[in-house]
Amino acid sequence: MKNIAVIGAGTMGNGIAHTFAQFNYKVHLIDISEVALQKGIATITKNLDRMVAKEKISEADKTKTLNNITTFTKISKGVANMDLVVEAATENAVLKAKIFKELDEVCDEKTILATNTSSISITQIAGVTNRPEKVIGMHFMNPVPIMKLVEIIRGYNTTDEITNTIVELSKKIGKIPVEVNDYPGFVANRILMPMINESIETLYNGVAGVAEIDTVMKLGMAHPMGPLQLADFIGLDVCLSILQVMYDGFKNPKYAPCPLLVNMVNAGKLGVKSGEGFYDYSENRKAEVVAKMFSS
C-alpha cells in the first residue's frame, strides 16, 4: 500500500495528508475548492517549516514531503488507482453518505474506504456502498502530525483482513492504533464530549467563569488545556454535531447539548476558526483573553 487519497483539505485532511506524505506515501489531496487546497498546502508547509526549525526534520525531508502530495478538485480523478481513500470532510452524515456513494462508484474494487468521522456510525456510512466489508473508521486526533492515537473502528461488515491492514498501516506512519467498536462517539468523544458539555453547563449555570473552569481542570486534573479552551480548538460547531449524533444514537438526555453551546454556534462563535468562542482570538490564537461575553 503506497498510494493514499485524502478527501478534504481542512484541518484534519491536510494533517492526514501531511502525515502520510512525510512517511513517503504518494498522497492525492482532494477538495472541491481550489482555495481550500491552496490553504491546506500552505498549512502543511508552515507545519513542516516549524519542524525544520526545531530540527525534527531536514529541509530535504520537507521538500520530499511536499513533492509527495498532488492536489485535485475532482474526486474521480484524485482517487484513480489509489490503495486507500481517507475521507475527512465535515462531520455531517448526509455529506459523508454522498461522498462514499460516489467513492464506491469511481474507486477500484480493491480500494479500501476509510472515514475520519469522530462520531458517525461506520456501519451506516458503509451501508451506502457495495463494499461494506472494505469500509473502516480511522479517527485521527488533531493536530494529526503530532498526536499518536488513531481510533480504528470496524463496521458491522468490516473484515479482519481490512482491519489488520489498517492497523499495520497506522503503525507504519508512527501512530498507535486502538481498535474500538462502532457505537456513537466511539471511545474518545463518548467520554470527551460529555465532559466539554458539562463544562459549558457549569459556565451556563454561573458556577464559575471560563478561566476558572479551565484552571481547575488543568491544575486539578492535569489536563494540558482546559475543556472550554479545547472546545474552542476543536470547533464549537464540531462539538455540537458530535453531541447531536450521540444524543440521536442513544436517546439519552445526558448527551443533550447545552443551550449555551447551541446559541454560540447559531451566533457563529465557533472558537479559534471564527476568532471567538469562550476566548477571544482576534489578537492571537492562544486562549489568553476571555471573550467579552464571559468577561464581565
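Select V262 to begin: V262 sits in helix α12 of this predicted model. Is V262 buried, exposed or something in between? With a relative accessibility of 28%, V262 counts as partly exposed, because buried means under 20% and exposed means over 50%. V262 and I234 are 28 residues apart along the chain, and their C-alpha atoms are separated by 15 Å.

**Around helix α12**

Next, colour the whole of helix α12, which covers residues 259-266. Which residues of this helix are buried? They are L260, L261, M264 and V265. Turn the view until you look down the axis of α12: the buried residues fall within an arc of 135°, so they line one face of the helix. Now look at the face of α12 turned away from that buried side, where you will find the exposed residues N263 and N266.

K254 is exposed, with a relative accessible area of 54%. How far apart are K254 and E198 in sequence and in space? They are 56 residues apart in sequence, while their C-alpha atoms are 9.2 Å apart in space.

Stay in the loop between α11 and α12 and pick K251. The backbone is the thing to look at here: phi of K251 is near 55°, a positive value in a residue other than glycine. At 63% relative accessibility, K251 counts as exposed.

**Another positive phi, and a cis bond**

Now jump to F186, in the loop between β8 (176-180) and α8 (188-204). F186 is not a glycine, yet it has a positive phi of about 55°. Is F186 buried or exposed? F186 is buried, with a relative accessible area of 4%.

For one more backbone feature, select N142 and P143 together. The peptide bond from N142 to P143 is cis, with omega near 0°. To place P143, look in the loop between β6 and β7 (149-154).

**Salt bridges**

Time to look at charged pairs. Side chains of opposite charge can pair when their charged atoms come close. How many salt bridges does a search of the whole structure find? The search finds eleven, and here are some to visit.

- Select R131 and D104. These two form a salt bridge, with their closest N and O atoms 2.7 Å apart. R131 lies in the loop between α6 (122-126) and β6 (135-140), and D104 in helix α5 (residues 93-106), so the pair ties together parts that are 27 residues apart in sequence. Both R131 and D104 are buried.
- Select K134 and E133. In this salt bridge the closest N and O atoms are 3.5 Å apart. K134 is partly exposed, with a relative accessible area of 22%. E133 also counts as partly exposed, at 27% relative accessibility.
- Select E168 and K171. The closest N and O atoms of this salt bridge are 3.5 Å apart. Why are E168 and K171 separated by about one helical turn? Because they are three residues apart in helix α7 (residues 160-172). E168 counts as partly exposed at 40% relative accessibility, and K171 counts as partly exposed at 48%.
- Select D49, E59 and K62 together. These residues are linked in a network of salt bridges.

K46 is located in helix α2 (residues 34-53). With 52% relative accessibility, K46 counts as exposed, because exposed means over 50%.

Note on methods
Residues numbered from 1 in each chain as written. Predicted model: local features only at pLDDT ≥ 70, side-chain atom pairs only at ≥ 80, totals over all residues. Heavy atoms only, no water. Helix = DSSP H or I, 4+ residues; strand = E, 2+ residues; numbered from the N terminus. Buried < 20%, exposed > 50% of the residue type's maximum accessible area, 1.4 Å probe, protein only. Arc of directions from axis to C-beta. Salt bridge = Lys/Arg side-chain N within 4 Å of Asp/Glu carboxyl O.
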